Amino acid sequence: MCWFSAEHVNKIEEAKAGQRLGIKKMHWDRNWVVGETELETPRPCPVCLNDQTKVLFRFSESQQASLHFGSEAEAVFRMLRRPKRDIFEFADGKQITVDDLPAGLIFDVLAVPGSEQLSGVLNMEPVVHDEEETEKEPFLARLLAHF
């Protein structure tokens, strides 16, 4: 989506942590990532994901069966350079191109690289730390515990 939109579309939005997005099949057999509210819009504004953006897919029952996933799955968006294509890479190593995802698939943006804002979805369970443990633990280790 990002390679295609960067070359063929004038107006592009950038994905933000906490945003709910969807896959829209366009008339030239390309999928676009768009805001959830624009899935039914004939000419939606594409949303570009930065390389290494972490997302949480929310699969319907039919999508679970066709893609062989559970109801939810985390993935990392990657912009491959050779060949130029956009993929989502799942924890099990499976890779799916944006164009191979089913239209109407919904997902949440969990974290955008370079952005300090994290999605509230990441904070679903409160993390309780002992004060002494927190003081001894480096900041980077505490941050990586969220991922």
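# Briefing on cores, rings and salt bridges

Val34 has its place in strand β3, and this briefing on a predicted model starts from that residue before turning to other parts of the chain. With a relative accessibility of 0%, Val34 counts as buried, because buried means under 20% relative accessible area. The largest nonpolar core of the model has 23 residues, a search of the whole structure finds six aromatic pairs, and the count of salt bridges comes to six.

**Val34 and its surroundings**

- When neighbours within four places in sequence are left aside, Val34 is in contact with Leu21, Gly22, Lys24, Leu39, Pro44, Cys45, Pro46 and Val47.
- Val34 and Ile12 are 22 residues apart along the chain, and their C-alpha atoms are separated by 9.7 Å.

**The nonpolar cores**

- In soluble globular proteins, nonpolar side chains tend to be buried together.
- Within the largest nonpolar core, which has 23 residues, those with the most contacts inside it are Leu49, Phe57, Phe88, Phe90 and Phe107.
- At least two residues of this core are supplied by each of the strands β2 (20–25), β5 (54–58), β6 (72–80), β7 (85–90) and β9 (106–111), and β6 gives the most, with three residues.
- Phe107, when residues up to four places away in sequence are not counted, touches Gln19, Arg20, Leu21, Gly22, Ile23, Val33, Leu49, Val55, Leu56, Phe57, Arg58 and Phe88.
- There is also a second, separate core of five residues, which includes Trp32, Val34, Leu39 and Ile106, and Leu39 is also among the residues that Val34 contacts.

**The aromatic rings**

- A pair of aromatic rings is described by the distance of the centres and the angle of the planes.
- The search of the whole structure finds six aromatic pairs, and one of them joins Phe57 and Phe59, whose ring centres are 5.6 Å apart and whose planes stand at 15 degrees, so the pair is stacked.
- Both partners are buried, since Phe57 has a relative accessibility of 0% and Phe59 has a relative accessible area of 6%.
- Phe57 also forms an aromatic pair with Phe90, and this one is tilted, with 5.6 Å from centre to centre and 35 degrees between the planes.
- One aromatic cluster is formed by Phe57, Phe59, Phe77, Phe88, Phe90 and Phe107.

**The salt bridges**

- Among the six salt bridges is one in which the side chains of Arg30 and Asp99 meet, at 3.3 Å from N to O.
- Arg30 lies in the loop between β2 and β3 (31–35), while Asp99 lies in the loop between β8 (95–97) and β9, so this pair ties together parts that are 69 residues apart in sequence.
- Arg30 counts as partly exposed at 29% relative accessibility, and Asp99 also counts as partly exposed, at 27%.
- The side chains of Glu74 and Lys54 meet in another salt bridge, at 3.7 Å from N to O, and this pair links distant parts of the chain, with Glu74 in strand β6 and Lys54 in strand β5, 20 residues apart.
- Glu89 forms a salt bridge with Arg78, and the closest N and O atoms are 3.3 Å apart.
- Glu89 lies in strand β7 and Arg78 in strand β6, so the pair ties together parts that are eleven residues apart in sequence.
- Glu89 counts as partly exposed at 24% relative accessibility, and Arg78 likewise counts as partly exposed at 24%.
- Arg20, Arg58, Glu72 and Asp108 are linked in a network of salt bridges, and two of these residues, Arg20 and Arg58, are also touched by Phe107.

Definitions and conventions:
Residues numbered from 1 in each chain as written. Predicted model: local features only at pLDDT ≥ 70, side-chain atom pairs only at ≥ 80, totals over all residues. Heavy atoms only, no water. Core = buried A, V, L, I, M, F, W, Y, C linked by side-chain atoms within 4.5 Å. Buried < 20%, exposed > 50% of the residue type's maximum accessible area, 1.4 Å probe, protein only. Helix = DSSP H or I, 4+ residues; strand = E, 2+ residues; numbered from the N terminus. Contact = heavy atoms within 4.5 Å. Phe/Tyr/Trp six-rings, centres within 6.5 Å; stacked < 30°, edge-to-face > 60°. Salt bridge = Lys/Arg side-chain N within 4 Å of Asp/Glu carboxyl O.
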